[in-house]
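Let us learn to read a structure by asking one thing at a time. Have the sequence and the model in view.

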Amino acid sequence: MTPNVVLFCADDQRFDTIAALGNEHIRTPNLDRLVKRGVSFTRAHNPGGTSGAVCVPSRGMLHTGRTLFHLAASGQTIPHDHALLGEHLQRQGHRTFGTGKWHNSCEAYARSFTDGGEIFFGGMEDHWNVPACAFDPTGRYEGRVPKCRGPYEGKRVHTYIADHIHAGRHSTELFTDTAVDFFDRYDSEAPLFAYIAF
């Protein structure tokens, strides 16, 4: 039987911030249960990036298996000839689900995932007002939302790839609830690959 795969990607969270992996000062009961039932990478490291946003190339490297200087545009776009983890698992018969932060182009997301929701095509944003997209099976993601970055940054309006904002709802809650709802409704016999990016 082919296993289901659930991959959590938490930006800037080191493995030693989890009690089950040796931290005596932080209580993480839910993560501790996952550690005991799954696989944890305790000798992995962030190989760096070419800008302050190391999450972009990190995600590109994670999903393509390529090293930093073998990515296109530091991972901001992923060319068709760079196979993605989700594409590979789809060829193996998995349904693929993604939610959360994806800063590596709409096109690469569409290639990776057959299902999804509350997709955040951006980075370094206000976690209480995340501009997000509903899953678009066409992969076009044409919605745009205007938003001021923050009350202390002036009145400049930025345009985001998004079709809604859940004002006042934290990104962690938004992405987690979306994944749980998908799991609750999942009735396929196909194995599942779920990518949840906080």
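**Reading the features**

A: Start with one residue. His158 is buried, because its relative accessible area is 16% and buried means under 20%. This is a predicted model.

Q: Where does His158 lie, and which residues does His158 touch?

A: His158 sits in strand E6, residues 157-161. Setting aside residues up to four places away in sequence, His158 touches Val145, Pro146, Lys147 and Arg149.

Q: How do I read a helix, and which residues of H5 are buried?

A: An α-helix has 3.6 residues a turn, so residues three or four places apart point the same way. Now the case here. Helix H5 runs over residues 171-185 and has 15 residues. From first C-alpha to last, H5 reaches 21 Å, close to the 21 Å expected at 1.5 Å a residue. The buried residues of H5 are Ser171, Leu174, Phe175, Thr178, Ala179 and Phe182. They cover an arc of only 125° around the axis, so they lie on the same side of H5.

Q: What covers the buried residues of H5?

A: The cover includes strand E2 (95-101), strand E3 (115-120) and strand E8 (192-197).

Q: Is Val130 buried or exposed?

A: Val130 counts as buried, because its relative accessibility is 3%. Val130 is in the loop between E3 and strand E4 (131-132). Leaving out neighbours within four places in sequence, Val130 is in contact with Phe120, His164, Ile165, His166, Ser171 and Phe175. Two of these names, Ser171 and Phe175, belong to the buried residues of H5.

Q: Which residues form the nonpolar patch on the surface?

A: Val6, Phe8, Leu31, Leu34 and Phe183 form it, with about 400 Å² of accessible area together. The elements that give two or more residues to the patch are strand E1 (5-9) and helix H1 (29-37). Take Val6, which lies in strand E1. Val6 counts as partly exposed because its relative accessibility is 43%.

Q: What about backbone angles: what phi does Ser74 have?

A: Most residues other than glycine have a negative phi. Ser74 has a positive phi of about 55° although it is not a glycine. Ser74 lies in the loop between helix H2 (55-64) and helix H3 (85-91).

Q: Where is Ser105, and what is its phi?

A: Ser105 is in the loop between E2 and helix H4 (106-112). Its phi is positive too, at about 90°, and Ser105 is not a glycine.

Technical notes: Residues numbered from 1 in each chain as written. Predicted model: local features only at pLDDT ≥ 70, side-chain atom pairs only at ≥ 80, totals over all residues. Heavy atoms only, no water. Patch = residues over 30% accessible without salt bridge, like charges linked within 9 Å, V, L, I, M, F, W, Y side chains within 5 Å. Areas by Shrake-Rupley, 256 points an atom, 1.4 Å probe, with all protein chains shown as cover. Salt bridge = Lys/Arg side-chain N within 4 Å of Asp/Glu carboxyl O. Helix = DSSP H or I, 4+ residues; strand = E, 2+ residues; numbered from the N terminus. Buried < 20%, exposed > 50% of the residue type's maximum accessible area, 1.4 Å probe, protein only. Expected span 1.5 Å × (residues − 1). Arc of directions from axis to C-beta. Contact = heavy atoms within 4.5 Å.
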